[in-house]
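Please consult the sequence and the model alongside each answer.

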Amino acid sequence: MTKPLDGINVLDFTHVQAGPACTQMMGFLGANVIKIERRGSGDMTRGWLRDKPGVDSLYFTMFNCNKRSIELDMKTPEGKALLEDMIKRSDVMVENFGPGALDRMGFTWERIQELNPRVILASVKGYAEGHANEHLKVYENVAQCSGGAAATTGFWDGPPTVSGAALGDSNSGMHLLIGILAALEMRHKTGRGQKVAVAMQDAVLNLVRIKLRDQQRLERTGILAEYPQAQPNFAFDRDGNPLSFENIHSVPRGGNAGGGGQPGWMLKCKGWETDADSYVYFTIAANMWPQICDMIDKPEWKDDPNYNTFEGRVDKLMDIFSFIETKFADKDKFEVTEWAAQYGIPCGPVMSMKELAHDPSLRKVGTVVEVTDEVRGNHLTVGAPFKFSGFKPEITRAPLLGEHTDEILKELGCDDAKIKELHEKQVV
C-alpha cells in the first residue's frame, strides 16, 4: 500500500513528548523514522511511570510507535561521524533539546546545511527565537501557563488550572508536523531544506485564540456578557465577595462557559451522585432556541422577548441552565444526548477515560488501537486522528532500546567487522 510519506527519511532526535508525538505521526504516515537514543539509557520516558517491571513504560510506547531505534554515543568521534552520515541521507531531522543544545554538540544549522542542503531541521522550543525568554526551558504545564490557557481555565473562585490535554507538548508536536509537511512541499519547489520551529507558547496561544478575542472585546466594551461573572450576584471570589466586570480587566476563568459564541454549560444527569462523569455539555445555540423550548416543554419562551434573543436571556443564562438540568434527572448522559439529537440540539456526554478505552466505535474507526507487543504485552494507544479514503495507517509497537542498531548500521554501509568494532568501542 502506498503511504503519504513513503521514501521520507526522518532522524528522530527527540525525547519525552512534543518531539516524539510529531515523529510518531510521521511514522503513521509511512516515513522511515530512526530514533537516535543515548547509549545505555535512551529516551528518559522509557522508565517513567512503569506499570510493569522490566519493560518500557506506556508513556514511552504511546509516543514512539512506528519507529526504529539506534543507540549512539555522539560524544565519540565515531558516533559523531555516524550521525553526520545519517544527516546526509535524511530528509527531515527533528529535535526538541533545550535551547542551544544542538549547537553545543557541534551541529549548528550551518553545519547541518553543509552536510545536507536539502534537509529540513524541525525544532520544538519553549519560546520563539528572538523572544526575551528564548533561553528558558519549558515543559507541558509551563507552556499552558505561558500561552494563556491556565489563566483562562478553571472556576472564578479557584487558582489557574492546567488542562488534562497536552496543549503544550502533543499540540506543539502536531503544529511542528504541519510545518514539516509545508517545508517538504516547499523543497519540491526550491530544492533546498530549511529550519522549521514551533514554540510551545505559540502553539498553546494558537488554541486559545478566542480568549485573545475576548481580551480585545473586554478592553473595548468593559464586559463579557456571556460569562457568569456578568450576572449579578452569581460569581463570588474565594472570600465570598461578588465578582463583576467592574473590577475585571483581563479575561477571567469562566468555569464551563462556552467560548465559541454560543453559551454552554455542564449539566448533571441521572447518576451524578455516584459517578463523577454523569454530565453532558449542553449548548444554547441561538438558531436552536425554538427547538430547545420544545425539548424542555417551555413553548412560551419562543416568543417571550425576555427569552427569545441572546440579549434578552443573557442575564438569566444560569437560571435557564438550572431549569434545563431538572429535565435530565431521570435520564443518563447517553439518553440525554440522544434526546437532544432528536431536536438537532448540540449536546454531548462527558466521556471518562475508561469509557473511551472500551468504546467499540473508537476501536472500529481506529482512533483507539490495540498494539500487538510481544515484549510488554498488547496495549492500547491512540491511532492517527486523521482518516483517509485511500490509506489506513498501520500502528506497530515502539522499538526496544537499540533494537535496530545493527540493521541501521548496515544501511549506512558498515560491514560485520565494522559493526563489531563499534560495539566493542561502545560507540553503539
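Q: Is glutamate 129 buried or exposed?
A: Buried means under 20% relative accessible area, exposed over 50%, and partly exposed in between, using a 1.4 Å probe and protein chains only. Glutamate 129 has a relative accessibility of 69%, so the residue counts as exposed.

Q: What pLDDT do local features need in this predicted model?
A: Residues are numbered from 1 along each chain as its sequence is written, and side-chain values use heavy atoms, with hydrogens and water left out. In this predicted model, totals for chains, interfaces and linings use all residues and side-chain atom pairs count only at pLDDT 80 or more, whereas local features need a pLDDT of at least 70.

Q: How many residues apart in sequence are the parts that lysine 195 and glutamate 129 tie together?
A: Lysine 195 and glutamate 129 form a salt bridge, with their closest N and O atoms 3.9 Å apart; the term requires a side-chain nitrogen of Lys or Arg within 4 Å of a carboxyl oxygen of Asp or Glu. Lysine 195 lies in strand E6 (residues 195-199) and glutamate 129 in the loop between E5 and H6, so the pair ties together parts whose separation in sequence is 66 residues. Helices (H or I, at least four residues) and strands (E, at least two) are DSSP runs numbered from the N terminus. Lysine 195 is partly exposed at 44%, and the separation bridged by the pair is 66 residues.

Q: Where does glycine 130 lie, and how far is its C-alpha atom from that of threonine 14?
A: Glycine 130 is located in the loop between strand E5 (120-125) and helix H6 (140-146). At 62% relative accessibility, glycine 130 counts as exposed. Threonine 14 is 116 residues away along the chain, and the two C-alpha atoms are separated by 22 Å.

Q: Which residue forms a salt bridge with aspartate 51?
A: The side chain of aspartate 51 meets its partner at 2.5 Å, N to O, and that partner is arginine 376. Aspartate 51 lies in the loop between E2 and H2 and arginine 376 in the loop between strand E10 (368-371) and strand E11 (379-382), so the pair links parts that are 325 residues apart in sequence. Aspartate 51 is partly exposed, at 45% relative accessible area.

Q: Which residues make a nonpolar surface patch of about 350 Å²?
A: Patches are made of residues with over 30% relative accessible area and no salt bridge; like charges are joined within 9 Å, and nonpolar side chains (Val, Leu, Ile, Met, Phe, Trp, Tyr) within 5 Å. Tryptophan 48, a member of the patch, is found in the loop between strand E2 (32-38) and helix H2 (58-61). At 35% relative accessibility, tryptophan 48 counts as partly exposed. The patch is made by Met44, Trp48 and Leu49.

Q: What span should helix H7 have at 1.5 Å a residue?
A: Helix H7 covers residues 170-190 and has 21 residues. The expected span of a helix is 1.5 Å times one less than its number of residues.

Q: Against which elements do the buried residues of H7 pack?
A: Buried residues of H7 include Leu176, Leu177, Ile180 and Leu184. An α-helix has 3.6 residues a turn, so residues three or four places apart point the same way. H7 is followed by glycine 191, whose phi is positive, near 80 degrees. The buried residues of H7 pack against helix H1 (18-28), strand E4 (92-95), E5, E6 and helix H8 (200-207).

Q: What percentage of the residues in the protein chain is buried?
A: The protein chain has 17 helices and 11 strands, and its C-alpha atoms fill a box of roughly 85 × 45 × 45 Å along the principal axes. The structure holds 28 salt bridges. Of the 428 residues in the protein chain, the buried share is 47%.

Definitions and conventions. Accessible areas come from the Shrake-Rupley method with a 1.4 Å probe; for residues, only the protein chains shown count as cover. Contact means heavy atoms within 4.5 Å.
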